[in-house]
Structure formats: C-alpha cells, structure tokens
Amino acid sequence: MACFLAPTAEAVIMTVVSHHAKKKEQQLALPKTENAETAQTVQTDDGKIPFSRKLSWLTSLLWGGSFLLLFEHIWHGEIVPWPPFLTAMATKADTIEMLKEIATTGVTMALLCTAIWCGMLIVAKHIETKRAKALEA
C-alpha cells in the first residue's frame, strides 16, 4: 500500500544530515582562503573514510529501496496518477489499514536498511584499522 513512505521519510532526513555533515567537513578541512564549493570531496591523510561519505551509503540504501518499493506499488496498481493517488485512501477503513502497514512494515524496512548500514560501518572501521596498521609498518 504505502510502506515505502517510512524509508522515504528517513531518506529525506538523512540526505539533509549528509549534506550538512559534508559542508561541515569541508569547512574544517579547507583553509580560510579557499572556497568550500571548489572542493569535491574531503580527503583525510590517515586513510579514514569521511563520515559524510558513510552517511551517503545510508541515503543510497534508503533511496534505492524506496524507489524499488514505489515501482512495485505502481506495478500492482496501488498507486495511481489520479487523486487520492494511493488506492488505500479511498475509504476510511483502508486508510487505517494503510497507516498500520506504514507503521509496521515500512518502519521495519527502514530499520533493516539502517541495520545493514551499521554492519557496513563495522566492516569499514575494520578496513580502516587494517590500513592504519599497514601505514605504520
């Protein structure tokens, strides 16, 4: 019905947070004479991945999953190009069922994407640690 709305809401929020984090990293990394817009990415000398890039992994997971679910709902006729756009909003009983689906299935999918991202962070931290040890040797 509309379970894709929960990961989409998280994706919007995390996209804003990611852009803000990237801007902060650029401001901290660049000398005062340079323009922050000229830098494409922030590189660290110690081989660590910037947090803004790690956040972009999460936003990619969330946006990709949301668009895939959106396409699936369009394919099955649950989203239509005329009002009310979501077929589950035609009656009050269907709307209540749709909201329950968003609260259960949608939130579960968003949490699963976030859990996968946390696993990716653990793997990235392990790789960064190995790289730092190799640079020391």
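Which residue forms a salt bridge with lysine 54? The partner is glutamate 128, and the closest N and O atoms of the pair are 3.4 Å apart. This is a predicted model. The chain has three helices and zero strands. This briefing starts with the overall build, then moves through the residues by topic.

**Overall build**

- Read along the sequence, the pattern is α-α-α.
- The chain has 137 residues, and 30% of them are buried.
- Take the contacts between residues at least 6 apart in sequence: 75% of these join residues at least 24 apart.
- The accessible surface of the chain is about 9,300 Å². Carbon and sulfur atoms account for 69% of that surface.
- Helix α1 covers residues 5-29, helix α2 covers residues 51-75, and helix α3 covers residues 92-136.

**The salt bridge**

- Side chains of opposite charge can pair when their charged atoms come close.
- A search of the whole structure finds one salt bridge. Lysine 54 and glutamate 128 form a salt bridge.
- Lysine 54 sits in helix α2 and glutamate 128 in helix α3, so the pair ties together parts that are 74 residues apart in sequence.
- Are the two partners buried or exposed? Lysine 54 is buried, because its relative accessible area is 12% and the cut-off for buried is under 20%. Glutamate 128 also counts as buried, at 7% relative accessibility.

**A buried charge without a salt bridge**

- Glutamate 25 is found in helix α1.
- Glutamate 25 is buried, yet it has no salt bridge.
- How far away is the nearest side chain of opposite charge? That side chain is lysine 22, and it is 7.9 Å away.
- Glutamate 25 does have a polar partner: its side chain and that of serine 52 are joined by a polar contact of 2.6 Å.

- Methionine 14 lies in helix α1.
- Its relative accessibility is 16%, so methionine 14 counts as buried.
- Which residues does methionine 14 touch, leaving out those up to four places away in sequence? They are Leu55, Leu58, Thr59 and Leu62.
- Methionine 14 and leucine 55 are 41 residues apart in sequence. In space, their C-alpha atoms are 7.3 Å apart.

**Histidine 73 in helix α2**

- Histidine 73 is found in helix α2.
- Histidine 73 is buried, because its relative accessible area is 4%.
- The side chain of histidine 73 makes a polar contact of 2.3 Å with the side chain of glutamate 78.
- Residues up to four places away in sequence aside, histidine 73 touches Met1, Ala2, Cys3, Phe4, Glu78, Ile79 and Glu101.

**Leucine 121 and the surface of helix α3**

- Leucine 121 has its place in helix α3.
- Neighbours within four places in sequence aside, leucine 121 is in contact with Lys54 and Trp57. Lysine 54 is also one partner in the salt bridge.
- Leucine 121 and phenylalanine 51 are 70 residues apart along the chain, and their C-alpha atoms are separated by 9.8 Å.
- Methionine 120 lies in helix α3 too. It is partly exposed, with a relative accessible area of 31%.
- Which residues form a nonpolar patch on the surface with Met120? Leu112 and Ile116 do. Together the three have about 260 Å² of accessible area.

- Most residues other than glycine have a negative phi, and most peptide bonds are trans.
- What kind of peptide bond joins proline 83 and proline 84? It is a cis bond, with omega about 10°. Proline 84 is found in the loop between α2 and α3.
- Phenylalanine 85 lies in the loop between α2 and α3 as well. Its phi is positive, about 70°, although phenylalanine 85 is not a glycine.
- Phenylalanine 85 has a relative accessible area of 44%, so it counts as partly exposed.

Technical notes
Residues are numbered from 1 along each chain as its sequence is written. This is a predicted model: local features need pLDDT of at least 70, side-chain atom pairs count only at pLDDT 80 or more; totals for chains, interfaces and linings use all residues. Side-chain values use heavy atoms; hydrogens and water are left out. Patches are made of residues with over 30% relative accessible area and no salt bridge: like charges are joined within 9 Å, nonpolar side chains (Val, Leu, Ile, Met, Phe, Trp, Tyr) within 5 Å. Accessible areas come from the Shrake-Rupley method with a 1.4 Å probe; for residues, only the protein chains shown count as cover. A salt bridge is a side-chain nitrogen of Lys or Arg within 4 Å of a carboxyl oxygen of Asp or Glu. Helices (H or I, at least four residues) and strands (E, at least two) are DSSP runs, numbered from the N terminus. Buried means under 20% relative accessible area, exposed over 50%, partly exposed in between (1.4 Å probe, protein chains only). Lys and Arg count as positive and Asp and Glu as negative; His and the chain ends are not counted. A polar contact is a pair of N or O atoms within 3.5 Å; within protein, one must be able to donate a hydrogen and the other to accept it, and residues adjacent in sequence count only if both atoms are side-chain atoms. Contact means heavy atoms within 4.5 Å.
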